[in-house]
Amino acid sequence: MTAVLPDDLRSSPRGFGGGRPPSDAVLALRGRPLPSDRARSWIVTGVVTALAAIVRLWNLGWPTDHGTPVFDEKHYVPQAWQMLRNGGYEDNYGYELVVHPPLGKQLIAIGEWLFGYNGWGWRFSAAIFGIVLVLLVVRIARRLTRSTLLGAIAGVLVIADGVLHVQSRMGMLDIFLTVFVVAAFGCVVMDREQVRERLAEAVTRGWIDDPYGPRLGYRWWRVGVGVLLGLACGVKWSGMYFVVAFGLLTVAMDFSARRTAGVERPLRGVLRRDLLPAVLTLGVLAVAVYLATWWAWFASETATDRNYVEIAQEQSGLLAFLPDTLRSFLAYHVNVLDFHAGLHTPKGDPHPWESKPWTWPMGLRPMLYYWGDGAEAAGCGRDVCVRATMLIGTPAMWWLSVPVLLWGLWRSIFRLDWRYAMVLTGYFAGFLPWFRDVDRQMYFFYATPMAPFLILALTLVLGQVLGSAQAGLERRGTGLLAVSLYVGLVVANFVWLWPILNGDSITNAHWQAELWLPSWK
């Protein structure tokens with residue numbers, strides 16, 4: 001994987017190495033500069049984020065199941081309420097389904113502390129994170145494309161995605177995981193730029209004589225990646241897939257940067273200079289942060305399985321030398337791992353909304369979170385009304401996932417486009433690991449972390465459709481028209497889905513019209 005400038009910016013030979021004149025190496029390392037409209041870009045970001053706040057917070061407390069949580073909220077919302085009562089940990093042994101780390105539920109508890117045990121309370125934190133996600137994607141897309149316009153378009157696409165909209169309005173864990181992962185990805189992008197800027201300075205000053213290249217100094221952005229991925233793991237264990245993926249990605253980008261700078265032995269340089277710091281800042285630091293998210297469990301006396309070793313009377317074994325608290329902590333994790341490993345679809349009795357990962361890229365099997373009919377669904381102006389909340393990816397985006405992914409792979413492999421390579425790394429880190437055990441019970445909401453990376457890939461494609469700023473007026477105008485029509489189509493699609501994303505009262509005929517595929521029923 002070797003980073004190159006976009007086609008319209010390449011002003012030097014594609015080959016990298018010691019034969020390239022220093023000025024060309026510096027140009028390739030630094031790439032295209034960011035737009036000079038810094039102040040305007042933040043105004044645009046603020047406007048798009050404010051729009052997201054309106055959309056995400058609109059009637060946030062609805063729907064509920066007669067005042068109680070809906071769907072999987074029934075797990076996390078009461079657990080968060082326990083945490084609020086206890087000071088950060090669960091302790092209800094009659095509710096022995098505590099199978100995720102504490103951080104996401106602690107975040108839900110913040111909203112419950114602010115607004116009480118109601119729909120607004122248990123969804124407020126998720127909505128805030130959903131709003132922050134829009135801000136992050138706008139800034140990341142702007143940095144990837146060097147375009148404020150494309151950054152704003154990416155933000156609009158995040159707002160208009162049904163998956164991210166619904167998950168931002170549910171007291172569940174996946175939106176917290178997604179935001180931490182996307183923030184970590186933003187730090188990976190910034191770390192890449194910092195590394196290449198330092199190497200460009202080294203080339204300029206003639207510090208590339210060492211066959212392994214210079215040491216790159218302390219990299220705070222990479223530290224940020226480790227911290228954020230540790231927090232992601234503190235929400236759900238699936239964050240560990242991103243630890244591995246982003247760790248490999250940073251090492252690959254370091255190799256690319258050293259090679260671009262003309263380092264004589266870039267691979268050995270990475271192994272000698274970059275590999276150990278990457279393991280420490282992404283692996284070890286992420287583990288340390290993950291352990292820190294259990295602070296309330298360690299500080300308690302009655303948290304779930306806090307005294308497991310004493311209760312089970314496990315006083316012998318290979319780990320008998322460890323303190324009982326740490327052994328209980330490890331036993332808790334083993335029990336949770338056993339739960340997840342044994343969570344298989346019962347033969348002949350699948351969950352009605354279960355789906356397998358090969359259906360996720362196009363959202364072929366959504367999920368019904370809430371259903372109401374009769375008196376509680378009144379309001380559509382007819383005698384018979386229904387209310388439903390479904391997790392559906394906006395088809396105008398999700399149905400393009402396969403060609404977009406194939407195009408991104410082609411760009412990554414044959415055009416060596418680092419932007420697609422980075423975005424697809426994030427997408428596949430949230431997708432491919434689920435094929436490890438296809439007999440496991442799985443649901444479409446597991447695909448939530450894939451959505452922002454699909455949107456970033458779409459944005460890169462739209463940037464190519466838009467065309468270079470140096471393109472002719474007619475070419476640029478045609479590209480702008482095509483991009484505008486597509487974004488309008490996405491927004492219109494989202495507006496059409498709005499009633500079944502938010503549990504609005506609609507007629508049965510309208511409900512049937514919303515179900516475009518047989519697999520949606």
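The protein chain has a mean pLDDT of 92, and 94% of its residues reach 70 or more. Here pLDDT is the predictor's confidence in each residue, from 0 to 100. Over residues 1-20 the pLDDT falls below 50, yet this stretch has 53 contacts beyond near neighbours in sequence in the model. A contact means heavy atoms within 4.5 Å. Where pLDDT is low, predicted coordinates should not be read in detail. The model is predicted, so local features need pLDDT of at least 70 and side-chain atom pairs count only at pLDDT 80 or more, while totals for chains, interfaces and linings use all residues. Residues are numbered from 1 along each chain as its sequence is written, and side-chain values use heavy atoms, with hydrogens and water left out.

The protein chain contains 20 helices and 3 strands. Helices (H or I, at least four residues) and strands (E, at least two) are DSSP runs, numbered from the N terminus. The radius of gyration is 25 Å, close to the 24 Å that the globule rule gives for 521 residues, so the chain is as compact as a globular protein of that length. This radius is taken over C-alpha atoms, and the rule is 2.2 Å times the number of residues to the power 0.38. Along its principal axes, the C-alpha trace spans about 75 × 70 × 45 Å.

Of the 521 residues, 57% count as buried. Buried means under 20% relative accessible area, exposed over 50%, and partly exposed in between (1.4 Å probe, protein chains only). Among contacts between residues at least 6 apart in sequence, 75% join residues at least 24 apart.

T459 lies in helix α18, which covers residues 450-466. Leaving aside neighbours within four places in sequence, T459 contacts A141, T145, L150, A154 and L157.

Backbone geometry was examined next. Most residues other than glycine have a negative phi, and most peptide bonds are trans. The peptide bond from W62 to P63 is cis, with omega near 0°. P63 sits in the loop between α2 (38-57) and α3 (73-86). F71 is also found in the loop between α2 and α3. Its phi is near 45°, a positive value in a residue other than glycine. F71 is buried, with a relative accessible area of 19%. R146 has a positive phi too, near 60°. R146 is found in the loop between α5 (119-145) and α6 (148-159). At 16% relative accessibility, R146 counts as buried.
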